[in-house]
Amino acid sequence: MSDNRIGGRIRPAPIVAGDDPLAQAGSRARRSFMGKALAMGAGAAASGGALGKQVSPATGPLQRGAAVGAGESAILELPAHTRSLGQPVAARAYGLPSQWERNLQRRESPGLTRVSAAGVSFTPLQGMFGILTPNGLHFERHHQGWYDIDPSGHRLMIMGMVREPRVFTMDDLMRLPAVSRIHFIECGANTGMEWGNVAVPTVQYSHGMLSCCEYTGVLLSTLLDMVGANTREGRYVLAEGADGASMTRTISMANALDDVMVAWAMNGEMLRPENGYPLRLVVPGVQGVSWVKYLRRLEVGDQPFYTKDEVIHYIDLMPDGTHRQFTSLQEVKSVITTPSGGQVLLDHGYYNVTGLAWSGRGRVKRVDVSVDGGRNWRPARLESPVLPKALTRFNFDWSWDGSPAVLQSRAIDESGHVQPKINQLRAVRGTRSIYHNNAIQSWKVSETGEVFNVQVY
Ligand SMILES: Nc1nc2c(c(=O)[nH]1)N[C@H]1C(S)=C(S)[C@@H](COP(=O)(O)O)O[C@H]1N2
Ligand SMILES: [Mo]
């Protein structure tokens, strides 16, 4: 099911070139199954009972009181799994998702980077629920591939404008007072392909360099205190990774003393190798590149370090040919994840329009949804928790009458910033940028129910 989960009413996103052919075959098979299931009126069975064709969330399947159709025979006849023993507990020492969910995967966009070790994989936002990203579906961005570093040999050095430079082992760090906090991470290049015009078909590719996890680690302020950092003149901190790319970024001391973490855990377990095991920097609200993975060195300094990763990369090309630098904050943004590009509405009637909103400045205050391309807006329901610098889930009731529609969401954060339209953003930033596109996303629902990525001005 996965991508097409929407009550069995939406078929899977089309698989793009270069994707796993097995997944393609699977999705074709599923599509015809879904078609048959719906034709038989067995939508509820096909969709895990959520919003099948005969089921409306208001009434539920059993309150319809109609004659028992072919679909209900799936309830009356006990299937094999109800008449046999299940598998023993030790079948899987480390749990995996159901085999029926195997279409829900991180996906690469072939050709996006010149060498495969410098790659990106995108989170399948269209198939996810709530605000947390499962560790196996967290997007990945590597400048020089990933490593599975032996934690017993890993060290973190803190130096520069400090009274007592120190080298920490993982054991040293994990004895310290820890905090656990939920935050989003978004690559500054997320949605970057849409600057010029519509570039990608699905929300996975347009917005999937985005994840949200509970991180556990020690606050950087605790470590800076331990080494006696000069936090008055030392206004900057350099973070360096242990990978071949030596990813290095400068963060401000203001950030460092606020909520930055040196983290070893993600969603209750140690970091995954792809995401920086055994140690990464967590810089809430700031673009992903500053979240240095395989963290091995922090240096306190009195000016920015102007490293390669901040002088020639992650800068914004403006219409007059100049570059903006150190534009690290991820501004207020939102996107409807269902219905979204590549999905298909199979039927008229009720849909739960759902999506995600976030802001690097703090909490999301409100999300408005439009179904007519931005002429009229109504507020969506924000689901709890609504946390600072974390993804917020929103839901919105919509009844589709079968005519063409353009779905949009617009987020407003607690600082009062409003997510802009793409033409408002272009008026200031031009069309040649790669980074920091937080524009309103539009999904066009055609009369056939197919959903497309479009730009509406
Ligand atoms: N050491 C190291 N840290 C890194 C990177 C890297 O290539 N090497 N990529 C950065 C970029 S550009 C992003 S967007 C995030 C991605 O984190 P993730 O791979 O856990 O999603 O890590 C950042 N930290
Ligand atoms: Mo990134």
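User: How do the residues of the lining of the largest cavity divide by class?
Analyst: The lining has nine nonpolar, five polar and six charged residues. This is a predicted model, and the lining total uses all residues.

User: Which residues of that lining lie nearest the centre of the largest cavity?
Analyst: Arg141, Arg280, Gly288, Trp291 and Lys293 lie nearest the centre, out of 20 lining residues. Arg and Lys count as charged, Trp as nonpolar and Gly as polar.

User: What makes this space a cavity and not a pocket?
Analyst: A 1.4 Å probe fits in a cavity but cannot get out, whereas a pocket is an open set of points. The largest cavity holds about 240 Å³ of space. The structure has three cavities of 30 Å³ or more.

User: What is the volume of the largest pocket, and which residues lie nearest its centre?
Analyst: The volume of the largest pocket is about 690 Å³. Its lining has 26 residues, with Leu112, Thr113, Arg141, Tyr314 and Tyr435 nearest the centre. Arg141 is also among the residues nearest the centre of the largest cavity.

User: Which elements give two or more residues to the lining of the largest pocket?
Analyst: They are β3 (120-122), α5 (203-207) and α8 (308-311). By class, this lining has 15 nonpolar, seven polar and four charged residues.

User: What makes a set of residues a nonpolar core, and which members of the largest one touch the most others?
Analyst: The members must be buried residues of the nonpolar kinds listed for a core, joined through side-chain atoms within 4.5 Å. The largest core has 54 residues, and Leu156, Leu223, Val262 and Leu298 touch the most other members. Strand β11 (residues 261-266) gives the most to this core, with six residues. Another core, of 31 residues, lies apart from it and includes Leu125, Leu210, Trp358 and Val367.

User: Which residues does valine 262 touch?
Analyst: Leaving out residues up to four places away in sequence, valine 262 touches Leu156, Gly217, Val218, Leu220, Leu223, Leu279, Arg280, Leu281, Leu295 and Leu298.

User: Why is methionine 266 called buried?
Analyst: Buried means under 20% relative accessible area. Methionine 266 has 0% relative accessibility, so it counts as buried. Methionine 266 is found in strand β11. Beyond four places in sequence, methionine 266 touches Asn135, His138, Cys213, Glu214, Tyr215, Leu271 and Asn275.

User: How far apart along the chain are methionine 266 and asparagine 135, and what separates their C-alpha atoms?
Analyst: They are 131 residues apart along the chain, and 7.4 Å separates their C-alpha atoms. Across the chain, 71% of the contacts with a separation of 6 or more are between residues 24 or more positions apart.

User: Why is asparagine 267 called partly exposed?
Analyst: Partly exposed covers values between the 20% limit for buried and the 50% limit for exposed. At 26% relative accessibility, asparagine 267 therefore counts as partly exposed. Asparagine 267 is found in the loop between β11 and β12, and its phi is near 55 degrees, a positive value in a residue other than glycine.

User: Is histidine 436 buried or exposed?
Analyst: Histidine 436 has a relative accessible area of 11%, so it is buried, the cut-off being under 20%. Phi of histidine 436 is near 60 degrees, again a positive value in a residue other than glycine. Histidine 436 lies in the loop between α9 (422-429) and β25 (442-445).

User: How do you know that cysteine 212 is in no disulfide?
Analyst: A disulfide needs a pair of cysteine sulfur atoms within 2.5 Å. The nearest cysteine sulfur to that of cysteine 212 belongs to cysteine 213 and is 6.6 Å away. The count for the structure is zero disulfides. Cysteine 212 has a relative accessible area of 0%, so it is buried. Cysteine 187, at 4% relative accessibility, also counts as buried.

User: Which peptide bond to proline 278 is cis, and where does proline 278 lie?
Analyst: The bond from tyrosine 277 to proline 278 is cis, with omega near 10 degrees. Proline 278 lies in the loop between β12 (269-270) and β13 (280-282). The bond from threonine 338 to proline 339 is cis as well, with omega near 0 degrees. Proline 339 is in the loop between β17 (333-338) and β18 (344-345).

User: How many helices and strands does the chain have?
Analyst: The chain has nine helices and 26 strands. Of its 457 residues, 52% count as buried.

Methods. Residues numbered from 1 in each chain as written. Chains lettered and ligands numbered in written order. Predicted model: local features only at pLDDT ≥ 70, side-chain atom pairs only at ≥ 80, totals over all residues. Heavy atoms only, no water. 1 Å grid on protein atoms, 1.4 Å probe; cavity = no way out; pocket = protein on both sides within 12 Å on 5 of 7 lines; lining within 4 Å. Points joined across faces, edges and corners; volume = space filled by probe spheres on them. Buried < 20%, exposed > 50% of the residue type's maximum accessible area, 1.4 Å probe, protein only. Helix = DSSP H or I, 4+ residues; strand = E, 2+ residues; numbered from the N terminus. Contact = heavy atoms within 4.5 Å.
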